[in-house]
Amino acid sequence: MNKTIITVVGKDTVGIIAKVCTYLADSHINILDISQTIVSGYFNMMMIVDMAGTDKDFNTVADELESLGQGIGVVIKCQREEIFDSMHRI
Amino acid sequence: MINITEVVETNEMIEKENLDVRTITMGISLLDCIDSDLDKLCDNIYNKIYDSAKDLVKTGDQISREFGIPIVNKRISVTPIALVGGAACKTPGDFAKIAATLDKVAKAVGVNFIGGYSALVSKGMTEADRLLISSIPEALSTTELVCSSINVGSTKTGINMDAVRLMGTIVKETAKATKDKDSLGCAKLVIFCNAPDDNPFMAGAFHGVTEADKIINVGVSGPGVVKTALEKVRGQNFEVLCETIKKTAFKVTRVGQLVAQEASKRLGVPFGIIDLSLAPTPAIGDSVADILHEIGVEHAGAPGTTAALALLNDQVKKGGVMASSYVGGLSGAFIPVSEDQGMINAVEAGALSLEKLEAMTCVCSVGLDMIAIPGDTRDTTIAGIIADEMAIGMINQKTTAVRLIPVIGKGVGETVEFGGLLGYAPIMPVNQFSCDEFVNRGGRIPAPVHSFKN
């Protein structure tokens, strides 16, 4: 298991989740959890994914998701889960 | 499992509140480089540092990428050079050659500072210590990345007043040697009492002789995060205030701990300590003075400031200590003037004087830091200011430091621009009365009694 958190923030529009999910499926990245909320009028999505099955390295996935986000006008960030775990769990 | 609120909170700290890891500092022992031949010594130093730290910047950047947390600085600290160069250096120029080597290797590995051009003279000076200290003006004016620190006192040994007096002159000479750059050399020179062996922050970092061959020390930051957290508890009592600071410091420190452990694992170098200091930058919203304002004083320097700083510093430690397996270094709130926009504003508003800053250093690290004073301030006056600050450290069993910048050619009311993380500073007035007879006495101030504490 190699858990990574993907966050998508931006103006809501049609097909954001579809595009991100298609990319993940094509890259053999398994989605473990998705949640979504609106924070101060902005679309906010978080996905927990498992990168154990992909051939791509972390930087490639992060770069590709970033440019995918630019294409649809949202900011997509990839971060390893540990930073959130260490901050919010004892 | 992590939920979206927690993810959003962490990312807001990073994106909006300037949360970052301020520095990963690799400490490297140079004791095994010692040789009586100066060229051989310089080669040994270059090779050891290059081999040890060649992947430091790359590793730091990769960790930053994977966790989405900025790691602002990657740095190196080395064994105090007075110890390393003693056998080979016969003149101040010989020591300056070592400084040039350090500068060259720091540039080669891509770090932004290298600390340890240092001497530990809290009780007495060897000939090597004296030569190194004499070489500081040349070393700091001919290099870019080398930082120098001199420990002139400790609670166990008292204060070496000969060294204090000498440093008054050296600070002034360093200012003169770098006068075409607004005396920037002095920003890379710190005088300490009770200097820690494992400090990751510049300009005072060096790799103490009590340390392992190599070590990773990490300095966290986050004044903006604390300030934002306190905005939500305005008007509430001290219990709520202190709990909020503690919890925030815990979260900030956990990030530092994670980064330190990752860096240690990837570089194959043991993890040393986390330094819990709240380190400001000139960026808006990254200010310790703004936290003091949020706690309730109109400007840093107003009555109540020392108490507010004392509680802030203590709560940061209480929260941070639990978040990290090893805590060390300076671990306190920094109150540099030029590197903190809120402090600059306080000086410009007339709220903050050198004397109030001195009082504030009694309850926090690290001391009189990045304070620009008139260029015509006398050597003996600078020595007197150093002696006062060292006495606070000695008596209170804490680290104190002085980093004063007498800006040659400028006076009170003018400002000086250092650029980057060093910021800019209004030149502050200095008490004009003389302490010549005091600092010229020579000798040592004896170690204080360790009982009867009042």
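Which residue takes a positive phi in the hairpin of β2(A) and β3(A)? The legends below come to that residue in the third view. This is a predicted model, in which local features need pLDDT of at least 70, side-chain atom pairs count only at pLDDT 80 or more, and totals for chains, interfaces and linings use all residues. Residues are numbered from 1 along each chain as its sequence is written, while chains are lettered from A and ligands numbered from 1 in the order in which they are written.

**View 1. Chain A from end to end.** Chain A has three helices and four strands, where helices (H or I, at least four residues) and strands (E, at least two) are DSSP runs, numbered from the N terminus. Along the principal axes, the C-alpha atoms of chain A fill a box of roughly 35 × 30 × 20 Å.

**View 2. The open sheet of chain A.** Four strands line up in the order β2-β3-β1-β4, with antiparallel pairing; two strands pair if DSSP finds at least two bridges between them. At the edges stand β2 (30–39) and β4 (74–80) of chain A, each with a single partner strand, so one side of each is left without a neighbour in the sheet. From one strand to the next, the twist averages 15 degrees. Here axes are lines fitted to C-alpha atoms, for helices over the stretch in contact, and angles run from 0 to 180 degrees between N-to-C directions.

View 3. Asn30(A) has Asp50(A) as its bridge partner, and Ile31(A) stands opposite Val49(A). Two residues lie between the strands, and Ser40(A) is the residue with the positive phi, near 40 degrees.

**View 4. A helix of chain B on the sheet of chain A.** α1(B) packs on the sheet and touches β1 (3–10), β2 and β3 of chain A. The direction of α1(B) makes about 105 degrees with that of β3(A).

**View 5. The side of chain B that touches chain A.** Here 19 residues of chain B are in contact with 23 residues of chain A; contact means that the C-beta atoms of two residues, placed from the backbone, lie within 7 Å. The elements of chain B that give two or more residues to this side are α1 (4–16), α3 (56–67) and α9 (238–267). α1(B) gives the most, with six residues.

**View 6. Chain B as a whole.** Look here for 15 helices and 13 strands. The radius of gyration of chain B is 21 Å, close to the 22 Å that the globule rule gives for 454 residues, so chain B is as compact as a globular protein of that length. Its C-alpha atoms fill a box of roughly 60 × 50 × 45 Å along the principal axes.

Definitions and conventions. The radius of gyration is taken over C-alpha atoms; the globule rule is 2.2 Å times the number of residues to the power 0.38.
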